[in-house]
Amino acid sequence: MAITSANQLELLQTAEAVAREKMIDPGLVVDAMEESLARAAKSRYGAEMDIRVSIDRKTGKATFTRVRTVVEDDELENYQAEMTVEQAKQYLEDPKVGDQYVEEIPPVEMGRIAAQSAKQVILQKVREAERDRQYEEFKDRAGTIINGVVKREEYGNVIVDVGRGEAILRRNEKIGREAYRPNDRIRCYIKDVRREARGPQIFLSRTAPEFMAELFKMEVPEIYDGIIEIKAVARDPGSRAKIAVVSYDGGIDPVGACVGMRGSRVQAVVNELQGEKIDIIPWNEDVPTFLVNALQPAEVSKVVLDEDAERIEVVVPDEQLSLAIGRRGQNVRLASQLTGLDIDIMTEEEESARRQKEFEERTQLFMDTLDLDEFFAQLLVAEGFTNLEEVGYVELDELLVIDGVDDDTAKELQARARDYLEAQSKAALEHARELGVEDSLVEFEGLTPQMIEALAEDGIKTLEDFATCADWELAGGWTTVAGERVKDEGLLEKFDVGLEEAQNMIMTARVMLGWVDPTELESGDEEGENEEVEA
């Protein structure tokens with residue numbers, strides 16, 4: 001067909017019809033038409049020519065132009081689209097590099113193949129515009145719930161029609177063995193929206209903890225209004241879940257509000273989640289109290305929190321052990337997810353046996369090192385003394401409260417403890433020197449002889465060696481391997497050296513060696529403090 005013989009307004013009408021159908025900007029369709037016509041013209045006049053087409057947005061008239069750009073003499077490569085300054089003088093008055101000479105050329109007759117090519121270009125551009133529109137529409141809806149209609153199932157993944165696009169619910173994001181048929185209505189959580197080569201991908205989920213939180217927000221007006229806040233959610237999809245809530249209004253019970261009249265609110269969520277049992281737990285900023293609530297319905301006798309290791313020990317009555325652990329460890333696993341802590345559960349009997357073992361070990365330590373009889377050593381342990389440092393360097397008054405200990409006895413106990421500790425330190429230092437430790441490390445403030453010995457046994461014998469250590473190498477830490485937390489033993493961990501103390505010692509060593517400028521260190525600290533204040 002010839003552009004000149006066609007109804008010029010027909011181009012604009014076609015563009016508007018396509019744009020209306022695909023809900024995109026008509027200008028994008030016209031741009032695609034211009035590109036397709038330019039491609040057809042190139043196939044007629046020559047592929048190396050720079051041919052451009054402009055369609056008047058009011059009349060629909062298509063204007064074909066050939067563009068040639070002025071370049072340096074040594075850069076002339078394409079004679080059809082470029083020309084030198086000298087060649088350009090016959091077309092332009094004062095040509096400069098970068099100027100363009102534009103001339104109009106006759107419209108082309110569009111054959112069958114060219115028309116087909118033009119159609120493909122227009123379809124491709126329309127698809128790209130449609131993808132952009134879909135991405136822009138859904139990118140801000142990530143983290144919300146959407147209702148859709150099942151279109152089909154592919155390899156266990158469900159393709160969902162969400163109005164102006166398609167979304168995918170992967171097999172591992174379905175609850176249990178959910179099965180859907182075409183045209184079934186489905187409610188999902190928009191987990192992610194990504195722009196990909198084949199178009200925007202909208203990823204749905206029904207197993208995400210956030211899905212349950214959003215369902216509660218829809219069912220409980222107090223959560224939507226911000227009076228009640230969901231602090232944490234843990235789920236075993238399709239089986240059981242725990243949700244921690246807190247109320248910012250003293251007159252509103254957060255658990256009662258989420259349960260609703262005769263359980264109506266929570267039941268609506270349970271029905272949507274295929275009968276998933278939900279424990280609604282009052283959140284508490286006191287971690288042990290929160291954990292006791294999280295382990296419901298089991299009763300807890302005692303909680304011991306180790307904040308540095310992010311671990312917590314829970315003691316339960318013997319008959320409550322199976323309830324606290326739950327079927328296949330479900331209850332304790334969900335409580336662990338909810339609190340973000342590793343939980344060790346033991347019975348009262350196991351805890352009693354452990355405490356008895358510790359009592360016996362400490363008693364034996366005092367008997368062996370202080371030359372005491374068993375009864376006297378037991379008195380020390382019962383009073384809370386756990387090691388020789390406490391006995392040797394504690395205030396004298398703390399020893400005098402023990403039955404049968406007078407002033408002379410207390411001084412003798414301290415003298416024996418200090419003599420033993422000094423002998424141990426001397427032996428440790430001698431051993432370290434035998435291993436090759438240099439004075440630079442021995443004289444470093446903050447390291448005891450026993451610490452120096454432990455470092456030397458690991459090959460750290462100079463201040464330079466010490467300065468290259470990482471803080472976790474000294475203080476220890478936790479890493480996650482294959483989804484499980486694994487303990488990294490620190491070289492100085494048994495001496496109660498924490499992460500912050502290890503950092504300070506390493507930085508001090510680096511300053512002493514001239515590796516770090518102390519003024520930069522101070523300015524960095526001040527910046528950190530300012531950031532904290534601003535935050």
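By class, the lining of the largest cavity holds 4 nonpolar residues, 3 charged residues and no polar ones (Ala, Val, Leu, Ile, Met, Phe, Trp, Tyr, Cys and Pro count as nonpolar, Asp, Glu, Lys and Arg as charged, and the others, Gly among them, as polar). The structure is a predicted model, in which local features need pLDDT of at least 70 and side-chain atom pairs count only at pLDDT 80 or more, while totals for chains, interfaces and linings use all residues. Residues are numbered from 1 along each chain as its sequence is written, and side-chain values use heavy atoms, with hydrogens and water left out.

The lining is made up of Arg187, Leu215, Met218, Glu219, Ala268, Val269 and Glu272. Here a cavity is a set of points, on a 1 Å grid over the protein atoms alone, where a 1.4 Å probe fits but cannot get out, and lining residues have an atom within 4 Å of a point. Helix 5 (209-219) and helix 8 (264-272) each give at least two residues to this lining; helices (H or I, at least four residues) and strands (E, at least two) are DSSP runs, numbered from the N terminus. The volume of the largest cavity is about 30 Å³, taken as the space filled by probe spheres set on the points, with grid points joined across faces, edges and corners.

Next comes strand 11 (residues 240-247), where 8 of 8 residues are buried (under 20% relative accessible area, with a 1.4 Å probe and protein chains only). Arg240, Lys242, Ala244 and Val246 on one side are buried, as are Ala241, Ile243, Val245 and Ser247 on the other. Strand 11 pairs with strand 10 (residues 228-236) in the antiparallel sense over 8 bridges, where pairing requires at least two bridges found by DSSP. Within this pair, Ala234 has Lys242 as its bridge partner. The hairpin of the two strands has 3 residues between them, and Gly238 there takes a positive phi near 85°. Strand 12 (residues 277-282) runs parallel to strand 11, joined to strand 11 by 6 bridges, and Val245 is partnered by Pro282.

What about the helices? In helix 16 (residues 407-434), 28 residues at 1.5 Å each should span 40 Å, which agrees with the 41 Å between the end C-alpha atoms; the expected span is 1.5 Å times one less than the number of residues. Among the buried residues of helix 16 are Ala410, Leu413 and Gln414. Met33 lies in helix 2 (residues 26-45) and counts as buried because its relative accessibility is 7%.

Technical notes: Buried < 20%, exposed > 50% of the residue type's maximum accessible area, 1.4 Å probe, protein only. 1 Å grid on protein atoms, 1.4 Å probe; cavity = no way out; pocket = protein on both sides within 12 Å on 5 of 7 lines; lining within 4 Å.
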